[in-house]
Amino acid sequence: MEGWGFWTVAVVAAVCVGMGKGGMPVVAMLSVPLLSLYISPIAAAGLLLPIYVVSDMFGLWAYRRDFNKRVIVIVCIGATAGVALGWATASLVSERVVEALVGLVGAVFAVMILTQRRKARDPRPAKVGPGLFWGVVSGFTSFVSHGGGPPYQVYTLPLGMTKTVFAGTTTITFAYVNAIKLIPYWALGQLSAENLHVAAWLALPSALAVFLGVRLVRVLPEALFFKLVTWALLAVSLQLLWRAASGG
């Protein structure tokens, strides 16, 4: 973990994490693929987890008043089971398979949203069954590669939350998910002293980027915000499909 190339990409990845925690969904998902240009995806996930946790603290403060409690509770219950499943099957499940499934679901859903003719985004009730299911999927994929965004959005985008509530609910939910991943990541040896040392240097640009993300959420028109979220979901999903098909 040395050289200007690595540190440049690492800082960009940390900024992506911070912007994601500031309420720009799926931006943070770009961090692992970016860092994988220099180190393995597993090492990248381990290095970035402490940065996620530090950024979460700033995101929690920024969105302490804007969230949907029911959605958070439902998804977090499912995500807890998903993280446990990821830990139990860490040596059995191929990351390429997970990437392919997440990419397929996210891409199909994004295309459906983008081709809808409906002008208004009518609020829908947060149902328990679908929330638990997508929570499990989101927790599992988040454990494998910090890629819990697409399955989470499959459940939450149709609920019709306002942009700030959507951003706050996402930030709080994944703050919980990242916190509970610390123990299994440590047990699996993905949190080394070297990782923590590098993460400490990257925490500052990530923390500053949280407030950049919050600012963008506040100023973007709501319709444009959700359109950007959906296009970002499609882009990341297609990237995951490509990575799975090409072997990384």
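A nonpolar core is a set of buried Ala, Val, Leu, Ile, Met, Phe, Trp, Tyr and Cys residues joined through side-chain atoms within 4.5 Å, where buried means under 20% relative accessible area, exposed over 50%, and partly exposed in between (1.4 Å probe, protein chains only). With that in hand, welcome to a short tour of this structure. It is a predicted model, in which local features need pLDDT of at least 70 and side-chain atom pairs count only at pLDDT 80 or more, while totals for chains, interfaces and linings use all residues. Residues are numbered from 1 along each chain as its sequence is written, and side-chain values use heavy atoms, with hydrogens and water left out.

**Nonpolar cores**

- The largest nonpolar core has 42 residues, of which Y155, L157, F166 and F225 touch the most other members.
- Another core, of 18 residues, lies apart from it and has V32, I39, L47 and L48 among its members.
- Beyond its neighbours within four places in sequence, Y155 is in contact (heavy atoms within 4.5 Å) with V71, I74, V75, A126, K127, P130, G131 and W134.

**Salt bridges**

- Two salt bridges turn up in a search of the whole structure, each being a side-chain nitrogen of Lys or Arg within 4 Å of a carboxyl oxygen of Asp or Glu.
- D56 pairs with K21 at 3.1 Å, N to O.
- Because D56 lies in helix α3 and K21 in helix α1 (residues 4-21), this pair ties together parts that are 35 residues apart in sequence; helices here are DSSP runs (H or I, at least four residues), numbered from the N terminus.
- Both D56 and K21 are buried.
- D66 bridges to R218, with the closest N and O atoms 3.7 Å apart.
- D66 sits in the loop between α3 and α4 (69-88) and R218 in helix α9 (residues 193-219), so the pair links parts that are 152 residues apart in sequence.
- R218 is partly exposed, at 38% relative accessible area.

**T141 and its surroundings**

- T141 belongs to helix α6 (residues 128-145) and is buried, with a relative accessible area of 3%.
- The T141 side chain reaches the backbone oxygen of G147 at 3.2 Å.
- Leaving aside neighbours within four places in sequence, T141 is in contact with V98, V102, H146, G147, G148 and P151.

**On the surface**

- M57 is found in helix α3 and is exposed, with a relative accessible area of 55%.

Notes. Helices (H or I, at least four residues) and strands (E, at least two) are DSSP runs, numbered from the N terminus. A polar contact is a pair of N or O atoms within 3.5 Å; within protein, one must be able to donate a hydrogen and the other to accept it, and residues adjacent in sequence count only if both atoms are side-chain atoms.
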